[in-house]
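Hi,

Here is the structure I promised to pass on. Have a look at it first, and then read my notes below.

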Amino acid sequence: MSAPAPAPPMALLAELTHRCALKCPYCSNPLELERRSSELDTSTWLRLIDEAAAMGVLQISFSGGEPMLRPDIAVLVSRAVERGLYTNLITSGVGFAPEALERVAQAGLDHVQLSVQGVEDAAADHVAGLPGSAARKRLLAGEIARLGLRLTLNAVVHRGNVAQIPALVRLAEDWGAARVEIAHVQYYGWAVANRDRLMPTRAQVERATADLAAERARTAGRLVIDAVLPDYYASYPKPCMGGWGARHINVTPAGKALPCHAAETIPHLVFDNVRDRPLAEIWRDSAAFNAYRGTDWMRDPCRSCERRERDFGGCRCQALLFAGDAAATDPACRLSPLHADMLAVATRDSTADADAYVFRTPGRR
Amino acid sequence: MSAAPVRGDDVPALPRGVRLQFNEARGQWFLQGPERVFEPDEIAVEILKRIDGVRTVDVIARGLAAEFAAPEDEISADVAAFVTELLAIRMLERREPSA
């Protein structure tokens with residue numbers, strides 16, 4: 001090996017389970033959901049937390065699915081706190097009693113990220129595929145405030161709710177959040193299956209961008225507003241994951257270590273399992289993590305591009321989706337030969353006659 | 001309001017969900033919050049270590065000036081600017097002075 005050892009990951013995304021009460025049609029979990037019987041056990045997660053801390057990982061995000069459905073969530077948070085990791089809980093707020101959060105807070109949790117599907121209950125419940133879910137989230141928000149936990153409100157926006165950005169920011173203020181994440185749907189897996197029902201129009205995106213700027217100005221000094229941008233209408237790609245195998249490592253419920261949550265959509269990659277190999281070794285040596293690490297794998301126009309260290313050629317999964325080749329330039333880039341095709345897809349899908357969502361369900365192939 | 005300018009008698013504190021830690025594996029200090037990791041320089045680390053929800057901005061500045069034999073007015077301005085910046089992104093909060 002001539003390449004120097006990569007710096008350790010900054011963050012570990014621990015997908016504890018794919019189980020979730022919600023059925024959001026843009027879920028970032030894969031189309032083939034892991035069953036409960038294939039989930040890693042408590043002792044394996046504890047070992048992983050120890051390994052991550054020893055490597056120099058700084059933050060761990062407990063995610064899913066719904067991580068609160070794991071009976072051992074407080075035990076895992078407690079271990080992560082003991083090992084000095086900054087701990088995040090990424091929750092839907094649904095499927096567990098709000099009081100259950102108290103044990104997790106007492107374990108030393110640093111930060112809760114609570115998702116919402118919109119500001120109107122009926123519409124939000126429709127997207128979540130579960131009546132009453134918006135009301136459950138409100139209850140949890142009250143509990144988070146009572147426990148004094150740092151809260152981020154996480155709102156995924158799409159054609160059906162993108163006009164609500166100012167109202168979503170106000171909701172975050174009402175709930176005492178310190179941070180809001182306005183995330184335009186990213187089109188992988190379930191969201192691709194629903195792209196013609198979710199894609200906003202260009203006019204909606206322009207309006208959303210203006211709304212975001214206005215809300216940032218209005219709440220400056222009180223609220224941090226982060227955004228995930230709608231790259232189908234962009235000129236340059238997003239710096240996906242801060243570079244492949246550069247900052248993030250993701251472990252699935254069944255123990256596969258991935259460079260990003262959608263990496264399994266790239267069919268020729270083989271992912272090591274944390275049951276078989278230490279995390280540090282997977283990060284450093286595995287073929288999947290080295291496949292698109294750095295810039296050596298790039299071809300033109302990326303290879304000679306002055307932005308190659310800034311956006312890393314964009315997203316490998318999106319390249320695969322459009323070019324059939326994960327080493328191609330992300331078509332979100334205006335230098336990609338497929339850039340016009342991507343824009344055409346967005347334009348077509350954003351004005352498609354939308355019928356019912358394809359909801360996230362187990363067992364879909 | 002946190003938009004108000006920082007005063008000498010303000011008491012800054014690290015809120016819950018914000019942590020200053022030395023990471024042994026990396027041999028380095030980090031200030032962390034939700035989806036945020038900062039790598040404070042040596043001076044910032046010295047300021048942050050003294051932010052305890054008890055000491056005022058003035059007390060912190062006086063202590064630093066004494067320890068590093070530096071002019072107090074310069075240090076005061078640096079500390080105030082630093083605290084202002086972190087308050088704006090909620091990596092610090094103002095604590096009510098204990099009576």
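Before the charges, a word on counting: Lys and Arg are taken as positive and Asp and Glu as negative, while His and the chain ends are left out. On that basis, chain B carries 12 positive and 18 negative side chains. The centres of those two sets are 8 Å apart. Do keep in mind throughout that this is a predicted model.

While we're on chain B, here is the rest of what I have on it. Its make-up is three helices and five strands. Reading from the N terminus, the order is β-β-β-β-α-α-α-β. The radius of gyration is 13 Å, close to the 13 Å that the globule rule gives for 99 residues, so chain B is as compact as a globular protein of that length. Along the principal axes, its C-alpha atoms fill a box of roughly 35 × 35 × 20 Å.

The accessible surface is about 5,600 Å², and carbon and sulfur atoms make up 52% of that. If you take the contacts in chain B with a separation of 6 or more, 54% of them are between residues 24 or more positions apart.

Now over to chain A, where I looked at two glutamates.

A:Glu39 sits in the loop that runs between β1 (11-15) and α1 (42-55). Is A:Glu39 buried or exposed? With a relative accessible area of 11%, A:Glu39 is buried, because the cut-off for buried is under 20%. Its side chain has a polar contact of 2.4 Å with the side chain of A:Thr17, and another polar contact, of 3.2 Å, links the side chains of A:Glu39 and A:Arg70. Setting aside neighbours within four places in sequence, the residues in contact with A:Glu39 include A:Leu16, A:His18, A:Arg19, A:Pro253 and A:Arg275.

The other one, A:Glu51, is in helix α1 of chain A. A:Glu51 counts as buried too, since its relative accessibility is 19% and the cut-off is under 20%. Which residues does A:Glu51 contact, leaving aside its neighbours within four places in sequence? They are A:Pro278 and A:Leu279. In the case of A:Leu279, the backbone nitrogen lies 2.8 Å from a polar atom of the A:Glu51 side chain.

That's what I have for now.

Cheers

How values were computed. Residues numbered from 1 in each chain as written. Chains lettered and ligands numbered in written order. Predicted model: local features only at pLDDT ≥ 70, side-chain atom pairs only at ≥ 80, totals over all residues. Heavy atoms only, no water. Helix = DSSP H or I, 4+ residues; strand = E, 2+ residues; numbered from the N terminus. Buried < 20%, exposed > 50% of the residue type's maximum accessible area, 1.4 Å probe, protein only. Polar contact = N/O pair within 3.5 Å; in protein donor to acceptor, adjacent residues only side chain to side chain. Contact = heavy atoms within 4.5 Å. Rg over C-alpha atoms; globule rule 2.2 N^0.38 Å. Areas by Shrake-Rupley, 256 points an atom, 1.4 Å probe, with all protein chains shown as cover. Charge placed at Lys NZ, Arg CZ, Asp CG, Glu CD.
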